[in-house]
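Subject: Structure handover

Hi there,

Here is the structure I promised to pass on to you. Please open it first, and then read on for what turned up.

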Amino acid sequence: MSRILAFLKKELLEMLPPTIFFFVVLHVVVFTRSLIGEDSGVSMATAAAATIGALVVGKSILIADALPLFGWFRERRLIGNVAWRVFLYLCVVLLFQVLEELIPLISKYGGLTSASQHLLQEIHWPRFWATHLLLGVFLTLYSFGTALIGVIGGERCLEIFLGWRKAPVE
């Protein structure tokens, strides 16, 4: 039983940084989309969806990073690795954005075929690309940050950014 708890603890601790990061990011995106759409505010359902999305993205990033496809440029210069990861993340985000637009149309038009035919006309393109741009910027920051932490080390990053030093072992 303790091995299972240790495994769950390890998984949760690994999932925490990307989840917190994308919790903030997705709420910024929701707020920005609210401003673009001139809505009166962010609903509880939208905020809850952003929170659930952050949990999904947090775990998805860990799974994606474990795939061999994401490691193709690990032995190259850091910029190649980061650019490759951002490209792959943006492809996945684009797929999810299209699905997010398509799902309501399926119920509106009564099927996937009919919804697909109306998809290009019904997408609010400025909002779609603004959302993709925001997510792209944040994914780039996330990828650069995790790459630097991977090279420098977590303790050294905390020391550089926050002045935290680990107490010397006596």
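Before the rest, a word on the basis. This is a predicted model, where local features need pLDDT of at least 70 and side-chain atom pairs count only at pLDDT 80 or more, while totals for chains, interfaces and linings use all residues. Residues are numbered from 1 along each chain as its sequence is written, and side-chain values use heavy atoms, with hydrogens and water left out.

Overall layout

The protein chain has six helices and zero strands. Helices (H or I, at least four residues) and strands (E, at least two) are DSSP runs, numbered from the N terminus. Read from the N terminus on, the order is α-α-α-α-α-α. The C-alpha trace spans about 70 × 40 × 35 Å along its principal axes. Of the 170 residues in the chain, 28% are buried; buried means under 20% relative accessible area, exposed over 50%, and partly exposed in between (1.4 Å probe, protein chains only).

The nonpolar patch

Leu162 also belongs to a nonpolar surface patch of about 910 Å². Patches are made of residues with over 30% relative accessible area and no salt bridge, with like charges joined within 9 Å and nonpolar side chains (Val, Leu, Ile, Met, Phe, Trp, Tyr) within 5 Å. The areas come from the Shrake-Rupley method with a 1.4 Å probe, and for residues only the protein chains shown count as cover. Helix H5 (125–152) and helix H6 (154–162) each supply at least two residues of the patch, and H6 has the largest share, with four residues.

Rolling a probe the size of a water molecule over the atoms shows where empty space is left. The largest pocket holds about 1,000 Å³ of space. Of its 33 lining residues, Leu26, Gly53, Phe96, Glu100 and Leu135 are the closest to the centre. Helix H1 (2–36), helix H2 (44–66), helix H3 (78–109) and H5 each give two or more residues to this lining, and H2 gives the most, with ten. By class, the lining of the largest pocket has 21 nonpolar, eight polar and four charged residues.

The second largest pocket has a volume of about 370 Å³. Its lining counts 16 residues, and the closest to the centre are Leu141, Tyr142, Gly145, Thr146 and Ile149. Two or more residues come from each of H1, H2, H5 and H6, and H5 gives the most, with seven. This lining divides into twelve nonpolar, two polar and two charged residues.

For the terms: on a 1 Å grid over the protein atoms alone, a pocket is an open set of points with protein on both sides within 12 Å along at least five of seven lines, whereas a cavity is a set where a 1.4 Å probe fits but cannot get out; lining residues have an atom within 4 Å of a point. Grid points are joined across faces, edges and corners, and a volume is the space filled by probe spheres set on the points. Ala, Val, Leu, Ile, Met, Phe, Trp, Tyr, Cys and Pro count as nonpolar, Asp, Glu, Lys and Arg as charged, and the others, Gly among them, as polar.

Salt bridges

A salt bridge is a side-chain nitrogen of Lys or Arg within 4 Å of a carboxyl oxygen of Asp or Glu, and by this rule there are four. Lys10, Glu11 and Glu14 are linked in a network of them. Glu14 and Lys10 both lie in H1, four residues apart, about one turn of the helix. Glu11 counts as buried because its relative accessibility is 17%, while Lys10 is partly exposed at 42% and Glu14 is partly exposed at 36%.

Elsewhere, Glu122 pairs with Lys108 in a salt bridge, with the closest N and O atoms 3.1 Å apart. Glu122 lies in helix H4 (residues 112–122) and Lys108 in helix H3, so the pair ties together parts that are 14 residues apart in sequence.
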